[in-house]
Amino acid sequence: MAHTNGVLGDWRFDTLAWSARTLGGFSPLRRALANRMETRLRARSERPAPDLRHPPAIEQDKVALALALLQMAERALAERRLGRPALRALLKTLFADVLVHRGDATAKGRFRARHGCGAPDFLAISPGKACNLRCEGCYANSGEHGEKLDFATVDRLVRDAHDDWGSRFFVLTGGEPFAWREGGRGILELAERHPDCLFIVYSNGTLVDDAVARRLGLLGNLSPVLSVEGMRERTDGRRGKGVFDKVTAAAERLGREGVLFGISLTATRENADEVLSDPVLETFVDGLGALYAFVFHYMPIGRASLERMMTAEQRMRLYDRVWSLIRERHLFVVDFWNGATGSNGCLAGGRPGGYFHVNWNGDVSPCVFCPWSPVNVREVYEAGGTLDDVWTHPFFAAIRRWQREYGYRETHEPCGETHDWIAPCLIRDHHADFRRIVAPDGVEPTDSDARAAQDDPAWHEGLEQFDREFQVLADPVWERVYLRSPGVPPGPMRRH
């Protein structure tokens, strides 16, 4: 059954979207509303110290991210970048559920009653492994490309996460999500069946033609994130000749249809200083209208070696660049490694506010970049189980226990010691702990590359060496910025 929750009852969001698009060009009103929201957000970082769960600078990082999200929306309104369907999805899912924390309180409350803690906020699904590109070193670029989930299973995953966990936010990755078709249906039909959910889709952009862009504009709740490696030379060098021009053409189509879209950049040793460079931002954000950016750090599990991974020094430079763009330019940049102070650390393993990843075979892993799985959702469903049976697996419980020991706490819990969230990643920043947690029988690599890595002593030694090198650089910054000082408050927003 398709979700219709809120389509009629939430008619107010249709009215808000119409009003926002109609009045967005009226600067005094738009700025007054934005100023009011900014004041409320800044008040969060000015609470008395006893009310804070973590060091004050962490709260300021969260406010800076929220202000960047607000700036994204104000810019979209001022420049009329979004159509009414996209505005409705943005207002309903992001602002009502993220900034105002409305959400599906009933489902979230039932989860807390069952388990004594908050539910995961979102689910990442790779419905199929098929891709029309062969990007060098891609973690998905191995195995049989015929591997895929059936539409009914993907549809049920979305429905169950929505109904049982209160999730409204889903990430679709791959392979190439626009290449996934099963029974004549794909991700466009999936988004159409769940209009009160927002889908972020990581795509190479080459399959976004005029017809796809028009349909995305009508749907509004599916936001493509176009993958590039930087500018033309870097992008074509890894993804294939002519891909950069195809991506920019896709961005132009999405802009014409009023689609909310962003860019995705994978930082490697070769392009770490280019991914968020001024030319990239001027091209995709200022020029083509991308409203947000995701930055992923290359994880050495695919067919490339450890030498493709950023050095510790490069990663620290990227950390400085990410937070400079967030605090000073109020660009909504999501970097799950360097931006972990804004998310209370690692999000993997179904942590409250976090997520799981389900791949094309149904294997459930802690995150997209940790391809080890103790359970298959197809088998769980066939046995009459639910997503809660996945969530309670001891492997995922062990990861959540490690996260708590490292410093994560829910809002109502007393604050313990918070360790260095500049280095939040279990598999890369704390690899010795990762090896201990995956040691029990029943936790299996999900593909041949992960198995080869697991069996390679040099892979483990290389990651543990990186841990030590990065710790030397990150720990003094954590001590100076987050423990000894009140932090760097976000600067004033620039008004359009």
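Visitor: Which residue in S5 is the bridge partner of Val228?

Guide: In this predicted model, the partner of Val228 in S5 is Leu265.

Visitor: What makes strand S4 and strand S5 a pair?

Guide: Strands count as paired if at least two bridges are found between them, and S4 (residues 222–228) and S5 (residues 262–267) have 4 bridges, in the parallel sense, so they are called a pair.

Visitor: Why are S7 and S11 said to stand at the edges of the sheet?

Guide: The 10 strands follow the order S7-S6-S5-S4-S3-S2-S1-S8-S9-S11 in an open sheet of mixed pairing. Strand S7 (333–335) and strand S11 (375–376) each have a single partner strand, so one side of each is left without a neighbour in the sheet.

Visitor: Why is Asn359 called buried?

Guide: Buried means under 20% relative accessible area, and because Asn359 has 4%, it is classed as buried. Asn359 belongs to the loop between strand S8 (355–358) and strand S9 (363–365), and, its neighbours within four places in sequence left aside, it is in contact with Ser126, Leu149 and Thr446.

Visitor: What makes the approach of the Asn359 side chain to the backbone nitrogen of Asn361 a polar contact?

Guide: The cut-off for such a pair of N or O atoms is 3.5 Å, and the side chain of Asn359 reaches that nitrogen at 3.0 Å, so the distance lies within the limit.

Visitor: How confident is the predictor in the protein chain?

Guide: The mean pLDDT is 86, with 81% of the residues at 70 or more, although over residues 1–9 the pLDDT stays under 50.

Methods. Residues are numbered from 1 along each chain as its sequence is written. This is a predicted model: local features need pLDDT of at least 70, side-chain atom pairs count only at pLDDT 80 or more; totals for chains, interfaces and linings use all residues. Side-chain values use heavy atoms; hydrogens and water are left out. Helices (H or I, at least four residues) and strands (E, at least two) are DSSP runs, numbered from the N terminus. Buried means under 20% relative accessible area, exposed over 50%, partly exposed in between (1.4 Å probe, protein chains only). A polar contact is a pair of N or O atoms within 3.5 Å; within protein, one must be able to donate a hydrogen and the other to accept it, and residues adjacent in sequence count only if both atoms are side-chain atoms. Contact means heavy atoms within 4.5 Å. pLDDT is the predictor's confidence in each residue, from 0 to 100.
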